[in-house]
Amino acid sequence: MTTLNHTGMSHTVFCLMGIPGLEDKHVWISIPFISSYIIALLGNSLLIFIIHTRRSLREPMYLFLCMLAGAGIVLSASTVPQALAIFWFHAVEISLNCCITQLFFIHSTFISESRILLVMAFDHYLAICYPLRYITILTHSLIAKIGGTIFLVSYGKIFPIIFLLRRLTFCKSNIFLNTGCKHIVLAHVSCDDIRVNIWYGFFVLMSTVVLDIVLIFISCVLILPAVFRIPSQDARHKALNCGSHVCVITLFYGSGIFTTLTQRFGHHIAPHIHILLANVCILAPPKLNPIIYGIKTKQIRDQVIHVLFTKQK
C-alpha cells in the first residue's frame with residue numbers, strides 16, 4: 001500500500017484491485033460481466049436500430065426507450081471494459097485523469113437513465129389519462145428538447161465534481177479495492193477536508209434519484225384510477241407495463257441508493273458486498289431494459305422477429 005506523507009505531494013496513478021477477498025475467483029466473476037456486457041451492447045443496439053429504421057415506432061414511448069438504450073450502452077462501456085481488464089490481464093493501474101473521466105461518465109449517465117425513466121413514467125401517464133391529447137402534447141420537437149435537456153442537466157450536475165476532486169491532494173493510499181472509480185471512493189484517499197464533496201454528492205443523490213423515485217411513484221398512483229375506469233383487457237395490460245417499470249426502477253435505484261448509503265454509513269458490511277452491489281447496479285439495468293421495455297412490447301417484439309428471421313428468406 002502506497003502512502004505519501006509529504007505536504008503538497010499527490011498521487012497521479014491509482015491501482016484498482018477488483019473485488020477484495022475474491023481475487024482468486026476473478027476469472028469466474030468475469031463471466032457474468034462479459035455476458036451482461038455483450039447482451040447489453042447487442043440488445044440496446046438492436047433496439048436503437050429497430051426504432052430508428054421503422055416509421056411505425058416513431059411514437060414518443062419508443063423514442064424515450066431509444067434514449068434509455070443509448071444511456072445503457074454508455075453506462076456499460078464506461079465500466080465493464082475496465083473491470084474485465086482487471087479480471088483477465090491484471091491491468092490495475094489507472095491515471096487520475098482517466099479515473100475522473102470514468103467516474104464523470106458513470107455518475108452522469110446514471111442520472112440520465114434516472115431522468116429518462118421519469119420521463120417514460122410521465123409519457124405513460126399522458127398516454128393513459130390524456131389519450132386524445134397525447135400526440136399533440138409530446139411532439140417530436142418537444143421530445144428532442146427533453147432529451148437534450150436530460151443529458152445537459154445530467155452532465156451539468158456532475159461537472160462540479162471534477163473541480164471538487166481537482167482541488168484535493170491525494171496523499172493517502174493509491175490502492176482502491178474496487179473495479180472502477182467512484183467519486184466518494186476517490187475523495188476518501190485525500191488528506192484534505194472532503195465535507196463539500198460528501199454533501200454535494202448527497203445533494204445530487206436527493207435532487208435526482210430520490211426525487212425521480214417519488215415522482216415516478218406518484219405517476220403510477222395517478223394512472224390507477226384511469227385504468228380502473230376502463231373495463232378492458234388493454235387497460236390491465238397497460239397497468240402491467242407500469243408494474244414492469246416499477247420492477248426495473250426498484251432494481252436500478254434500490255441497489256444504487258443502498259450502495260451509496262452503505263459507503264458512507266455501513267462500515268460493518270464486508271467490502272466485497274459493496275463492490276458486488278455497485279456492479280449489479282451497473283450491469284443489470286442495461287441488460288434487462290431491452291427485455292422488459294423492448295421484447296415485452298408487441299410492436300418491438302414483432303420487428304425483432306422480422307429483422308432476425310424474416311430478412312434472411
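These legends accompany close-up views of a predicted model.

**View 1. Confidence along the protein chain of the predicted model.** The mean pLDDT of the protein chain is 84. A value of 70 or more is reached by 87% of its residues. Among the elements, α5 has the highest mean pLDDT, at 95. The lowest mean, 65, belongs to α8.

**View 2. The largest nonpolar core, with 42 residues.** Phe64, Leu65 and Leu117 touch the most other members of this core. Eight stretches of helix are shown because each gives two or more residues to the core. They are α1 (26–53), α2 (60–89), α3 (96–129), α5 (140–166), α7 (195–228), α8 (233–265), α9 (271–295) and α10 (298–308). The largest share, ten residues, comes from α3. In soluble globular proteins, nonpolar side chains tend to be buried together.

**View 3. Helix α3, a mostly covered element.** Of the 34 residues in α3, 26 are buried. From first C-alpha to last, α3 reaches 49 Å. That is close to the 50 Å expected at 1.5 Å a residue.

**View 4. Helix α7 and its kink.** The kink is about 30° and is centred on Met206. How far apart are the end C-alpha atoms of α7? They are 49 Å apart. The 34 residues of α7 should span 50 Å at 1.5 Å a residue, so the two values agree.

**View 5. Ser36 in helix α1.** Is Ser36 buried or exposed? Its relative accessibility is 7%, and buried means under 20%, so Ser36 counts as buried. Neighbours within four places in sequence are left aside here. Beyond them, Ser36 is in contact with Leu283 and Lys287.

**View 6. Strand β1 and its pairings with β2 and β3.** Strand β1 covers residues 13–16, and strand β2 covers residues 93–95. These two strands pair in the antiparallel sense, over three bridges. Strand β3 (residues 175–176) runs parallel to β1, and two bridges join them. Which residues face Cys15 in the neighbouring strands? In β2, the bridge partner of Cys15 is Glu93. In β3, Cys15 stands opposite Ile175.

Definitions and conventions
Residues numbered from 1 in each chain as written. Predicted model: local features only at pLDDT ≥ 70, side-chain atom pairs only at ≥ 80, totals over all residues. Heavy atoms only, no water. Core = buried A, V, L, I, M, F, W, Y, C linked by side-chain atoms within 4.5 Å. Buried < 20%, exposed > 50% of the residue type's maximum accessible area, 1.4 Å probe, protein only. Helix = DSSP H or I, 4+ residues; strand = E, 2+ residues; numbered from the N terminus. Expected span 1.5 Å × (residues − 1). Bend = angle between axes of the 7 residues up to and from the residue. Contact = heavy atoms within 4.5 Å. pLDDT = per-residue confidence, 0-100. Pairing = 2+ DSSP bridges.
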